[in-house]
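Please read these notes with the model open beside you.

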Amino acid sequence: MTSANTPPPRGKFITFEGGEGVGKTTNVQWCADWLMERGLEVMVTREPGGTPIAELIRNKLLKAHHAESMVPMAELLLVFAARVQHLEAVILPALSQGTWVLCDRFTDSTIAYQGFGRGLDLGSIETLKNLAQGTLEPDCTLLLDAPVDVGMARARGRTAISGEDIDRFETEQMAFFERVRDGFQALAATQARFVTLDATQSLDDIQSELAIRLSLLSGL
Ligand code: T5A
């Protein structure tokens, strides 16, 4: 039993990763609903973004057309600036209050996009990661994996329906996204917190697997 003076147990930090259009946003919300229906406090957030300042940085990062091209190192530092703000203002306070935080992308996206995709030094990214988040790691990272063309077709289908413009990353070549996918797969192969899901399956099949994972994580 938790007394009035005992802090609640720390919430779990679950991240959703993968390439463009693999179903992260759809499944983050589905997982949040699954957990909330079972009585847990849950917060859904995203990167880059998640606070007013971090959302301003997101707008700059995703804006497809600037008067000059964005230098990869500037892109990397902006991603981490947004992350530090997000961690301090939103993620860490929520976790310490016992809220589960479900985050649509986190640092693994930086390793995959800025490291494998842009070719920036992985050691430098690791240094920034340590500065930004110390020892914090997600309790579980759900990697939705699909061939690049499958995800891109879905992302374009969604954009066509919503009328949104494609963002700066979506203007990249296929080879960039193949390197990003390789990056995620390399991370998943070496870190036990990763669970890889075949994102070419139907949503029903993916969500059956997610329910098993959430049940294991929550004990519910
Ligand atoms: N970035 C981000 C970096 O470069 N470095 C970083 O450190 C971080 C954090 C963010 C961009 O920033 C970059 C990566 C990104 O390019 P974003 O909008 O958050 O952009 O990411 P996107 O991947 O572009 O998000 P999308 O919304 O395009 O993709 P999702 O969220 O993976 O996919 P979702 O859920 O929106 O689904 C897309 C469509 O497919 C359908 C959905 O209904 C939807 O229409 N769908 C399925 N259809 C059939 N079967 C399934 N299994 C389906 N799953 C989803």
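**Notes on the pockets, ligand and backbone**

1. The largest pocket has a volume of about 940 Å³. A pocket here is an open set of points on a 1 Å grid over the protein atoms alone, with protein on both sides within 12 Å along at least five of seven lines. Grid points are joined across faces, edges and corners, and the volume is the space filled by probe spheres set on the points. The lining counts 40 residues, and E20, T25, R58, R105 and R158 are the closest to the pocket centre. A lining residue has an atom within 4 Å of a point.

2. This is a predicted model, in which local features need pLDDT of at least 70, side-chain atom pairs count only at pLDDT 80 or more, and totals for chains, interfaces and linings use all residues. Residues are numbered from 1 along each chain as its sequence is written, and side-chain values use heavy atoms, with hydrogens and water left out.

3. By class, the pocket lining has 14 nonpolar, eleven polar and 15 charged residues. Ala, Val, Leu, Ile, Met, Phe, Trp, Tyr, Cys and Pro count as nonpolar, Asp, Glu, Lys and Arg as charged, and the others, Gly among them, as polar.

4. The ligand sits in the largest pocket, meaning that more than half of its atoms lie within 2 Å of the pocket's grid points. The ligand is surrounded by 29 residues, with T25, T26, R105, T110 and R158 the closest. The cut-off for this shell is a heavy atom within 4 Å. The shell has ten nonpolar, ten polar and nine charged residues. Helix 4 (107-117) gives the largest share, four residues.

5. A side-chain N or O atom of T26 is 2.5 Å from a ligand oxygen. G23 places a polar backbone atom 2.9 Å from an oxygen of the ligand. For R83, a polar side-chain atom lies 3.2 Å from a ligand oxygen. The protein covers 85% of the 1,000 Å² of accessible area that the ligand has on its own; areas are Shrake-Rupley values with a 1.4 Å probe.

6. The structure holds one cavity of 30 Å³ or more. A cavity is a set of points where a 1.4 Å probe fits but cannot get out. The largest cavity has a volume of about 120 Å³. It is lined by 16 residues, and G19, E20, V22, A146 and V148 are the closest to its centre. Helix 7 supplies four residues, the largest share of this lining. The cavity lining divides into ten nonpolar, three polar and three charged residues.

7. Two loops deserve a look. The peptide bond from E47 to P48 is cis, with omega near -10 degrees. P48 lies between strand 2 (42-46) and helix 2. R105 is in the loop between strand 3 (100-104) and helix 4. Its phi is near 80 degrees, a positive value in a residue other than glycine. R105 is also among the residues closest to the ligand.

Conventions: A polar contact is a pair of N or O atoms within 3.5 Å; within protein, one must be able to donate a hydrogen and the other to accept it, and residues adjacent in sequence count only if both atoms are side-chain atoms.
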